[in-house]
Amino acid sequence: MTSDAFLDLVRGPLFQIALFIFLAGVLVRLVEILVLGRKTDFAEPRADGTGAGLRSVFSRSVPEAGTFKRSAFTILAGYVFHIGLFVALVFLAPHIALVRDTFGFGWPNLPTPLVDFATVAAIAALVAILVNRLRDPVLKFLTTFEDYLAWAVTFLPLLTGYMAFHHLLIRYEGMLALHILSVELLLVVFPFSKLMHTFTLFLARWYTGSAFGRKGVQS
Amino acid sequence: MTDRAKLAINAFKEQIDGAVSAYFSSCVHCGLCAHACLFFNETGDPRYTPIHKLEPLRRVWWSEYTLFGKLASLIGLAPKVTDKLLADWQELTYNACSLCGRCSMVCPVGNDIAGMIRKQREGMVAAGYSPEGLQGASTRAVKIGSPMGVTWKAVSAQIGHVENDTGLAIPVDRQGADYMVLMSSMEIMNYPEYLEAVARIFNAADVSWTLSSEAFEATNSGIQIGSADIARELVSRVVNAAEKLGVKTVISPECGHAYTALRWEGPNLIGRPYKFKARHILEVLDDLRAAGKLKTEGFEDERMTFHDPCQLVRRGGVLEQPRRLVRMVVKDFVDMPDAGKMNWCCGAGGGVSAIEEAAELKLTAFNAKKRQLEAVKPEKLITACANCRIQLEEGLEENNMDIPVVGLTELLAEHLVETEKAEG
């Protein structure tokens, strides 16, 4: 198969299948959580839980001072990776062009050097995170196959995307096809793995924040 | 699968709700919770990573409440909950977790890990994988009325002593009193100062209060061992007595988990709101202070600090009250690093103090407290939980640290202005 034919395949039917699995899978996972619900709390609340819950949804993105001191690397590398990935995903011109072609609307992109920097930072952070995972006694102990899988399917789109954009190693069409294929792999693995945290963490923060808030504890 | 494992699985299933499902879905194994846990920090043993302690519950969630997990268990690929797993996890679920909840405060995805350990205990106890010490305490609590086997006779005797020492009458079973006072076994057995302090403060403040001969014990072993059935039975005794006497407020004593049991879990255990309010003694004292009814004189001349019991502060929301009260009688008050919401557990909460096999571990865990104390070098340590107090005293002694420990209620009573009591 030529790289052009391969590109057509991954851009066409494969992408549609992957996107369907992703959307349906995420929907199923969220419904699985929401249908379980939570029992009514009969204890007289000390304070309002709703406000505290909404607050926690955001405030958990900022670590408590002592925790930052004890786990600075994990936290900083986590920030760099997540912000870098977000910038590359949302503000790269070709990504926005794809959205515009599909949905008819878009938003301004960020300058290429900035997106480039974010991408490289995200890649470097992911590598550092992996090395740390292999070395740190707690992380080594906790890590399962799924952790490596989640790492790999997140790493590959960043790497291939960067290489395709800069025409590195192989012909652009070939690398672009590999990039899209790696994204499809990510989409398919996503709903069945801890990558789900992208969505479920907001629910988790809400559940905890509102329950703690009723007790008068801001978390 | 054995019958025991089946019992655990069924109990786990009853505990799994949307929150638990969201929590397990969100964990990315970042390891931050390990560094929030005093059992990990003081031992360096990765097995004590909080989220790892939840493997049995996680397996049931995955294989029963996720599509992929259900498919995997159909073809026998899902990891199973076995007797061996439960036996191996007993230590992690009980001995190495004081339900202090620091992990639940630091988790970046917001998981209430300590809350899940509490839930996991339901399954462990259902299958019989719970420590003997806690089983014994629970049995005594249900049969005799107190985990330490204290009966009303012992309380009566203490009432007699307090009445002799203070010249005050201790009201018992007084219909329609404003406050019903509970005590913990520890206070009845080891710290009679508590009842005396309450009697004197309430007398000076002209508060209408009573003890109940039917429900004097606040300690709830059911919460510690993690059995909703036992916890419900014990809390029901308090609810029935309080509603029979028609009191307005029931006061939880200087005990952490008793407060959680009465204030937060109780209404959910009995499935309805109370017809009375549930408050911690420090909340009541702070209200009296605000109303000008708690008057003190003089100050301690020593440097003092306050140990926040986890169940009061982090898990209970009683944060500012103790500090406002302490400042009434202590000029040289200093907070330890991490004090308040992120305070380090004494090491013996959540039932750990009743587990013989955990005796060594809980003293190792005390090192977190030792460092906090060394940072501020107090001459006296104040707390508001008899269980913390025992552990603090033991830990201090073990480390040759000469710092007396005092209950806050008792400290306030030492400075009480009692001039108006004659008319009361």
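## Nonpolar cores

A nonpolar core is a set of buried Ala, Val, Leu, Ile, Met, Phe, Trp, Tyr and Cys residues joined through C-beta atoms within 7 Å. A residue is buried if 20 or more other C-beta atoms lie within 10 Å of its own, exposed if 12 or fewer, and partly exposed in between, with C-beta atoms placed from the backbone. This is a predicted model: local features need pLDDT of at least 70, side-chain atom pairs count only at pLDDT 80 or more, and totals for chains, interfaces and linings use all residues. Residues are numbered from 1 along each chain as its sequence is written, while chains are lettered from A and ligands numbered from 1 in the order in which they are written.

The largest nonpolar core holds 157 residues. A8(B), C33(B), I201(B) and V250(B) have the most contacts inside it. Helix 15 (residues 228-245) of chain B gives this core its largest share, 9 residues. Helices (H or I, at least four residues) and strands (E, at least two) are DSSP runs, numbered from the N terminus.

Take A8(B) from the largest core. Two residues are in contact if their C-beta atoms, placed from the backbone, lie within 7 Å. Neighbours within four places in sequence aside, A8(B) is in contact with P56(B), V81(B), L86(B), G123(B), M124(B), A126(B) and A127(B).

## Where the chains meet

On chain B, 47 residues are in contact with 47 residues of chain A. Five helices of chain B each supply at least two residues of the side that touches chain A: helix 2 (18-26), helix 3 (32-36), helix 6 (67-74), helix 8 (102-106) and helix 16 (256-270). Helix 2 of chain B gives the most, with 7 residues.

By class, this side of chain B has 22 nonpolar, 17 polar and 8 charged residues. Here Ala, Val, Leu, Ile, Met, Phe, Trp, Tyr, Cys and Pro count as nonpolar, Asp, Glu, Lys and Arg as charged, and the others, Gly among them, as polar.

## The four-stranded sheet

Chain B has an open sheet of 4 strands in the order 2-1-3-4, with parallel pairing. Two strands pair if DSSP finds at least two bridges between them. Strand 2 (209-210) and strand 4 (277-280) of chain B are the edges, and each pairs on one side only.

Strand 3 (residues 249-252) of chain B runs parallel to strand 4 of chain B, joined by 4 bridges. T249(B) stands opposite K277(B) in strand 4.

## The three-stranded sheet

An open sheet of 3 strands in chain B has the order 5-6-7, again with parallel pairing. Its edges are strand 5 and strand 7 (405-407) of chain B. Strand 5 and strand 6 (residues 380-383) of chain B are joined by 4 bridges. F306(B) has I382(B) as its bridge partner in strand 6. Strand 6 and strand 7 of chain B pair over 3 bridges, and L381(B) has V405(B) as its bridge partner in strand 7.

In a regular strand the side chains alternate between the two faces of the sheet. Strand 5 (residues 304-307) of chain B is covered on both faces. M304(B) and F306(B) are buried on one side, T305(B) and H307(B) on the other.

## A closer look at T166(B)

T166(B) lies in helix 11 (residues 152-166) of chain B. It counts as partly exposed because it has 17 C-beta neighbours inside 10 Å. Not counting residues up to four places away in sequence, T166(B) touches E196(B), A199(B) and R200(B). G145(B) is 21 residues from T166(B) along the chain, and their C-alpha atoms are separated by 28 Å.
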